[in-house]
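Welcome! Have a look at it first, then work along.

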Amino acid sequence: ASRTDPEVALLISESQNLLGHMLSPAESSRIVTLYVQDKLPIDMILTVMAHFIAKGQRNVSYIEKVLISWREEGICDGIAAERHLGTLEKREDYEAEVAKLLGVKPDGFTAGERTLIARWYEDFAFDADMIEAALLRAGEKNNVRYLSGILKKWHASGYKTPRDIPAEGENL
């Protein structure tokens, strides 16, 4: 296909440049299938590939699975992929911030905990100050699930800053 279709040739060439090696026949087949059969645009394939390679993930099978998953979520072009990657980077920052507050490593969170943390920032529009206030309120129960319960109640009550939170013992 790379001999007859200049787009496929470009995709293979750029993929090899990103990976830093000649593609195996299996890798080539996976990448070309994403473009030819799965109808993913080249800019999306290369954008996602560049991102994961920069993060140390050089496995073409992994990148393929991510791209297929994203397509199923409605991420179908390079612009949407870049936007999603931006969201993922923000979420890494959120997780690092929460990990620092909890005194744990950011890579130790479960997928469920990551979802809860993203919700605090994205859905509730809370910042580190609110999370720190919840942590103080939690006392020894300083885990993501317990904090999430506190933050969910505060969000439902309309609290936006630590100043809005009633003193402990008052109605939450």
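Phe 52, Tyr 62 and Trp 70 are linked into a cluster by ring pairs. The model is a predicted one, in which local features need pLDDT of at least 70 and side-chain atom pairs count only at pLDDT 80 or more, while totals for chains, interfaces and linings use all residues. Residues are numbered from 1 along each chain as its sequence is written, and side-chain values use heavy atoms, with hydrogens and water left out.

**Exercise 1.** Classify the ring pair of Phe 52 and Tyr 62.

*Solution.* Start with the rule: rings of Phe, Tyr and Trp (its six-membered ring) pair if their centres lie within 6.5 Å, and planes under 30 degrees apart count as stacked, over 60 as edge-to-face and the rest as tilted. Next, take the values: the centres of Phe 52 and Tyr 62 are 5.5 Å apart and the planes stand at 80°, so this pair is edge-to-face.

**Exercise 2.** Describe the pair of Phe 52 and Trp 70.

*Solution.* The two rings lie 6.3 Å centre to centre with 50° between their planes, a tilted pair. Phe 52 in helix H3 and Trp 70 in helix H4 are 18 residues apart. Both Phe 52 and Trp 70 are buried.

**Exercise 3.** Work out how helices H6 and H8 run relative to each other.

*Solution.* First, the axes of H6 (residues 111–122) and H8 (residues 144–156) come within 10 Å and cross at roughly 30°. That makes H6 roughly parallel to H8, a label given to angles under 35 degrees. Then look at the residues that meet, with contact meaning heavy atoms within 4.5 Å: among them are Leu 116 and Trp 120 in H6, and Leu 147 and Leu 151 in H8.

**Exercise 4.** Which residues does Glu 95 touch, leaving aside its neighbours within four places in sequence?

*Solution.* Glu 95 sits in helix H5 (residues 78–102) and is buried at 9% relative accessible area. Its contacts are Pro 106, Phe 109, Arg 114 and Ile 117.

How values were computed: Axes are lines fitted to C-alpha atoms, for helices over the stretch in contact, and angles run from 0 to 180 degrees between N-to-C directions. Helices (H or I, at least four residues) and strands (E, at least two) are DSSP runs, numbered from the N terminus. Angles under 35 degrees count as roughly parallel, over 145 as roughly antiparallel, 65 to 115 as roughly perpendicular and the rest as oblique. Buried means under 20% relative accessible area, exposed over 50%, partly exposed in between (1.4 Å probe, protein chains only).
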